[in-house]
Amino acid sequence: MKTLETHLRAIRTSGRKALVPYFVAGLTSDWVRHVEAAVHAGADAVEIGIPFSDPMMDGVIIQEAALRALEAGTTLDSACRDVGSLAASVPLVAMTYYNIFHHYGLERAAGTLHAAGIQGAIVPDLPLEEAADWTVACDAHDVATIFLFAPSTPPDRVQRLAKATQGFAYASARMAVTGQAADIGDAERVVRSIRAHSDVPTYVGIGITTPAQAHDAASFGDGVIVGSALVKVILDGGGPAEVEDFVSSFRRALD
Amino acid sequence: MTDMPVFMTRPDERGRFGRFGGRFVPEALMPACLELEAAFIDAWSDPVFVGEYERVLRDFAGRPTPVTPLERLSERLGIRIFAKREDLAHTGSHKINNVIGQTLLTRRMGKHRVIAETGAGQHGVATATAAARLGLECTVYMGQLDTERQSLNVFRMELLGATVVPVMSGSRTLKDAVNEAMREWVTCVEDTHYCLGSVMGPHPFPWMVREMQSIIGREAARQLDELGVGTPDMVVACVGGGSNAAGVFAGFANSSARLVGIEAAGGSAVGKGSPGVLHGMKSLLMQDEFGQIEEAYSISAGLDYPGIGPEHAYLAEIGRAEYYAIGDEDVIDALRLLSEMEGIIPALETAHAVAWLVQAAGSIIPSGSSVLLNLSGRGDKDVAQVRAILRGEA
């Protein structure tokens, strides 16, 4: 079992619901301070988006953030360098599109993530059927390969994905790209379908916008991932204090 | 004969052409891609379905399109040029072949809506046309820059009952329209088919679209036989994603003909690209040293694409097809030449292939060669832009 999953299982065993905020690396020059603020406010793990020019699974908020980060010169290497200066000790997970890793070299990319202390990776345009090479590279560097489960995923695929996912299972609440939403959609059904096949920690993401939604999702899931709603705070000019307030409000809703 | 390689057959079970192709899509779209693959395989082996597809192309789209010997241009260039007249197909380009097939398949899958991306607007107009014919709802995603360059095509789509959504992200051209169509498809995949317009995207699209365009090559092979030309020395087509080229190549892939694809210099995935993953496929892409996709630039919106279909990447790699690039500066001259010498105003995309013939005749194309030119589209959509360029306004 990879280090990430050991950590995340321990959080569950302690009776705590996991809160996983998402940040776009390089969105601001002090983005690492945002991460530290989130950890201070009770984040259990952090998802770090490495910006890509063509983010097929992202809505307008993260598209805009990725564009700004790219204009600021963010790369996989610069993101990993920044992470090295992070004064926080929660598990880190990278999220980016396959071309970034493919172009960098799979083996080398997994090694770079590991060296930066990143324990897992989410690659939303890399389905199970195409993931073998990436998984081999990650296995060599203790990087967990995390798979998404969609409301459209049929039971036989859920079973195969549940076997393959490492660290946690990413349950998409809805048929949508990342963004803000009015409710948590099909999250409960997706989580229960995963539970039928695996006891891997299962986190709900895609559209989690309010603390109340996080509370609802945590009533059946092991944790929540909050992306666009938080990135919007930063796009609107929020700094570490605003990030801390935002994350604290979710922490209270989960505890 | 058992040692003869066979080209342009089915990709492998993972949708690969050599190391290219595959299916790199979000999990949310995987079931739809698998369903589409199964539905296409079933339909394409059903004589009733194929019969209807061919009948609609004949009775509605005007197939077969003729092959026209380009006598004056041939004499000028010292080669024998035969044009496959996809410009005469309904809606003005080869795009109609694919959308007739895909909309019939949409209905067969029980879906009632299609979405599509478009660059120049040809595929959008064709999709809106085919959707109107079957009473399917239709939404077309088009880069905002392209909606300005091709405003008449936007109006055409609207006349045909489609909704056109200008895409404001990224370079606001074809690549961003594909991103947006993919994002939209995630939200409506239950009742909506994504009618992709070229031999690109995730499996089965590159294969399916090539199959639905291969009628171009099959007809042309027969027509050249009837003209007494037989197998041409060379088959030439412009390439953005590569659907018209794939369609015409398919008729000659296992003949002695040289296959030549002409890219726009500013969108030259074979010439300037490297292997990468975008829009659901592994192919050759224009990208920077970090794997960020570069923006393509071309005078023609239809070739303004930083990638190429995976089968083309494969054909280039194994050397079965050759790819060359033509810059914007040669395209207008070629458009005027074909217009003045042959009475055919080609689309700006097609004019790239004409420009290459002018450039390569007597060198890469030996004098006296017989050349099949896929005249993929007509230039009506481009005349306002060409007028502005010739008047020095653009």
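**Exercise 1.** In which loop of chain B is B:P204 found?

*Solution.* This is a predicted model. Start with the flanking elements. B:P204 sits in the loop between β8 (192–194) and α9 (205–213) of chain B. Now check the peptide bond. B:H203 and B:P204 are joined in cis, with omega about 15°.

**Exercise 2.** Locate the cis peptide bond between B:R63 and B:P64, and give its omega.

*Solution.* Take the angle first. Omega is about 0° for the bond joining B:R63 and B:P64, which is cis. Then place the proline. B:P64 lies in the loop between α2 (47–59) and β3 (67–69) of chain B. For context, most peptide bonds are trans.

**Exercise 3.** Find the value of phi for A:I206 and for B:H279, then decide whether each residue is buried or exposed.

*Solution.* Begin with the general rule. Most residues other than glycine have a negative phi.

Step 1: A:I206. Its phi is near 75°, a positive value. A:I206 belongs to the loop between β8 (202–205) and α10 (211–218) of chain A. The cut-off for buried is 20 or more other C-beta atoms within 10 Å. A:I206 has 30 C-beta neighbours inside 10 Å, so it counts as buried.

Step 2: B:H279. Here phi is near 55°, again positive in a residue other than glycine. The loop is the one between β11 (274–278) and β12 (281–285) of chain B. B:H279 counts as buried because it has 28 C-beta neighbours inside 10 Å.

**Exercise 4.** Work out the strand order of the open four-stranded sheet in chain B, and name its edge strands.

*Solution.* The order is β7-β6-β5-β8 in chain B, with parallel pairing. The edges are β7 (163–167) and β8 of chain B, each pairing on one side only. From one strand to the next, the twist averages 20°.

Next, inspect one pair. β5 (residues 113–118) and β6 (residues 137–143) of chain B run parallel and share six bridges. B:A116 has B:V140 of β6(B) as its bridge partner.

α8 (residues 174–188) of chain B lies across β5, β6, β7 and β8 of chain B. Helix α8(B) runs at about 160° to β5(B).

**Exercise 5.** How many residues does each chain give to the contact between chains A and B, and which element gives the largest share of chain A's side?

*Solution.* Count by chain. Chain A gives 31 residues and chain B gives 27 residues. On chain A's side, α3 (60–71), α5 (98–104) and β6 (148–149) each give two or more residues. The largest share, six residues, comes from α5(A). Last, sort chain A's side by type: 18 nonpolar, nine polar and four charged.

Note on methods:
Residues numbered from 1 in each chain as written. Chains lettered and ligands numbered in written order. Predicted model: local features only at pLDDT ≥ 70, side-chain atom pairs only at ≥ 80, totals over all residues. Contact = placed C-beta atoms within 7 Å. Nonpolar A, V, L, I, M, F, W, Y, C, P; charged D, E, K, R; others polar. Buried ≥ 20, exposed ≤ 12 C-beta atoms within 10 Å, placed from the backbone. Pairing = 2+ DSSP bridges. Axes fitted to C-alpha atoms, helices over the stretch in contact; angles between N-to-C directions.
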